[in-house]
Structure formats: structure tokens, C-alpha cells
Amino acid sequence: MNKLSRLVDIFKQYKYQLSWIYMFMILTELAILSTPFLLGKSIDGLINGNWYWMVLLSITYFLSNFFNYKRMVYDTKVYNTIYNDIALKFLKKDDVDVSTKVARTDMAQQIVFVLEGYVHYYIATIVTIIGSLIFIFSENWQVGILVTISIIFIVSSVFILYKKIRQGIILANNHYETKSKSIECGYASSESFFNRRGKIEVCQSTIQGKNWFLINTIKYIFLILSIILLITTTKDITIGSVITVYSYVNNFLIALLSAPVAIEMFLRISDVLKRLD
């Protein structure tokens, strides 16, 4: 709980700056969310000589691009300020050796990665999951139930490898803290450090690869089943409707793949915050 409270404290300290960033992010994702619906309507409309939906789709593309631009212009200076504050605060400690200070201030960059990358990613994921599910149910409730069931299979597969991911992150961070000392001890020690580092990264990559293979297999199975179910249960279906439902089902399943990223992010940031205490 203490590790999570540290992260919450960072949010509170910079709540106004971060709120502006996340507001632009949400507006961008809402605009992107509407595009499969507008695309389907545009296709059906153009077949019948109606350009109304195509105009709306073009406006939506412009708005999503504009909101993303506004966010990118503002967020870098905010995240740089946050990182500097965290790093300089830790460097004031007198009971930590130089090697550990170098390693842990480098690790502190991962906190900024969470705020800049992962939080953005999860805002997009939440908007996509909820929004896509609403659109899917509005088009075909049977397909909606099917893709909802996929949540159980994808999340379960992630927790199968949970412990191994956690062990890999702790091992990698423990090893990284010895980098400066290894270099100071000479070439042989440095060579041993980097060889060991490489083996740890290969091991982590292998675990991640197994995880992604498993959940992507589940994703494609449910995507194919959704298409079959949609075609066989919908009367007088249009080309635009097929494209719309396919896009939302695909986006929904892709968003669910954020589960392993969420687990890894939580474990990584928890370990870093513990070391910075």
C-alpha cells in the first residue's frame, strides 16, 4: 500500500498539469473511438450517394489529430520536471553509495514512463474497452456476450505467468544496481556484468513471448468466432455494419491485451518505488 501511496502522492503534487495532459488524451481517444462507427456509416452512405457521414468522419480525424498534437506539445516539460524532482530528492540521501544512486536515479525514469506512457496507454485502453463493447452490443448482443467472455480467458492466461514476470523484474533491478561497481572493478568484471545482463533480458523476453503467444491465440479465436456469429445471426446486414463490428471487436480484443502490460508495469513500478524509499 505504501508503494501505491507514493505514486498517488506524485499524482496529487502535479494534479493540475497531469489533468490537462489526460484531458487531451481522453478527447483524442473518444474521437478515435467513433471512427469505426462513422466509417461503416460512410461506406453505406457512399454506396447510396450520401456524403454526410464521410464529412463527419473527416472532421473526427482532424479533431483526434489536433487533440493529440496539443497533448504532445505540453506533456514533455511536465514529465521532465517530475523526473528531476524525484531524482534530486533521492540524491540528497547520505546513507546510499554512489553506485546505488546512479542506478536508482536511472530507475526513477521508469516512474515517468508510467505517467507518460502507461497511463496514456490505459486511458486509451479503458475508453476502447468500454466504448467498443457499447457499440458491439448495439449492433449485435450475441457478439457482445461472446467478446465479453473472452475477458476471462485472456486475464486468466496472464496470471499463469505472473510470478515468473515478478521474479524477472526483481532480479534485473538487483543486477542493474551492481553496474557501476562492476565497471570500477575492471574489464573482466564488466564483461561478466554485461553477459549476465544479456541472459536476464533473454529470459524476460522469453517469458513475455510465451505470454503474448498465448493471449494472441485467444484473441484470434474469438475474433474469428465473432465474425461467424455476426454473419449468421444478423438479417439484412450491410457492408458498413460488418466493417464496424469487426473493427470494434478487433479493437476490444487488442485493448484486452493490455492485461500483461498492466501486470508488468505494476510490478516494475512497485519495485522501483520500494528502492527509492
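**View A. Helix α3 and helix α5 (residues 109-139) pack at an angle of about 150°, with their axes 8 Å apart.** The angle makes α3 roughly antiparallel to α5 (under 35 degrees counts as roughly parallel, over 145 as roughly antiparallel, 65 to 115 as roughly perpendicular, the rest as oblique). Axes are lines fitted to C-alpha atoms, for helices over the stretch in contact, with angles from 0 to 180 degrees between N-to-C directions. The crossing of α3 and α5 is right-handed, a term for a near helix turned clockwise from the far one by less than a right angle (anticlockwise is left-handed). The model is predicted: local features need pLDDT of at least 70 and side-chain atom pairs pLDDT 80 or more, while totals for chains, interfaces and linings use all residues. Residues are numbered from 1 along each chain as its sequence is written, and side-chain values use heavy atoms, with hydrogens and water left out.

**View B. Helix α6 (residues 141-160) packs with helix α10 (residues 239-256).** Their axes are 10 Å apart and the angle is about 15°, so α6 is roughly parallel to α10. The crossing of α6 and α10 is right-handed. These helices belong to a protein chain with 11 helices and 0 strands (DSSP runs numbered from the N terminus: H or I of at least four residues for helices, E of at least two for strands).

**View C. F252 is found in helix α10.** Is F252 buried or exposed? F252 counts as buried because its relative accessibility is 0% (buried is under 20% relative accessible area, exposed over 50%, partly exposed in between, with a 1.4 Å probe and protein chains only). F252 and T125 are 127 residues apart in sequence, yet their C-alpha atoms are 8.5 Å apart in space. Of the 277 residues of the protein chain, 44% count as buried.

**View D. Nine residues form a nonpolar patch on the surface: L46, W51, V55, I59, F62, L63, F66, Y69 and V73.** Together they have about 910 Å² of accessible area, a kind of value that comes from the Shrake-Rupley method with a 1.4 Å probe, where for residues only the protein chains shown count as cover. Patches are made of residues with over 30% relative accessible area and no salt bridge; like charges are joined within 9 Å, and nonpolar side chains (Val, Leu, Ile, Met, Phe, Trp, Tyr) within 5 Å. Which helix gives the largest share of the patch? Helix α3 (residues 52-91) does, with 7 residues. W51 is found in the loop between α2 (15-47) and α3, and W51 counts as exposed because its relative accessibility is 58%.

**View E. D75 and R71 meet in a salt bridge through their side chains.** The N to O distance is 3.1 Å (a salt bridge is a side-chain nitrogen of Lys or Arg within 4 Å of a carboxyl oxygen of Asp or Glu). Both residues lie in helix α3, 4 residues apart, about one turn of the helix. D75 and R71 are both buried. A search of the whole structure finds 1 salt bridge.

**View F. D236 is found in the loop between α9 (187-233) and α10.** Most residues other than glycine have a negative phi. Phi of D236 is near 50°, a positive value in a residue other than glycine. D236 has a relative accessible area of 78%, so D236 is exposed.

**View G. E177 has its place in the loop between α7 (162-176) and α8 (179-184).** E177 counts as buried, because its relative accessibility is 14%. Its C-alpha atom is separated by 8.2 Å from that of V102, 75 residues away along the chain.

**View H. W212 lies in helix α9.** How does W212 count at 33% relative accessibility? W212 counts as partly exposed. The C-alpha atoms of W212 and V158 are separated by 8.9 Å, and the two residues are 54 residues apart along the chain.
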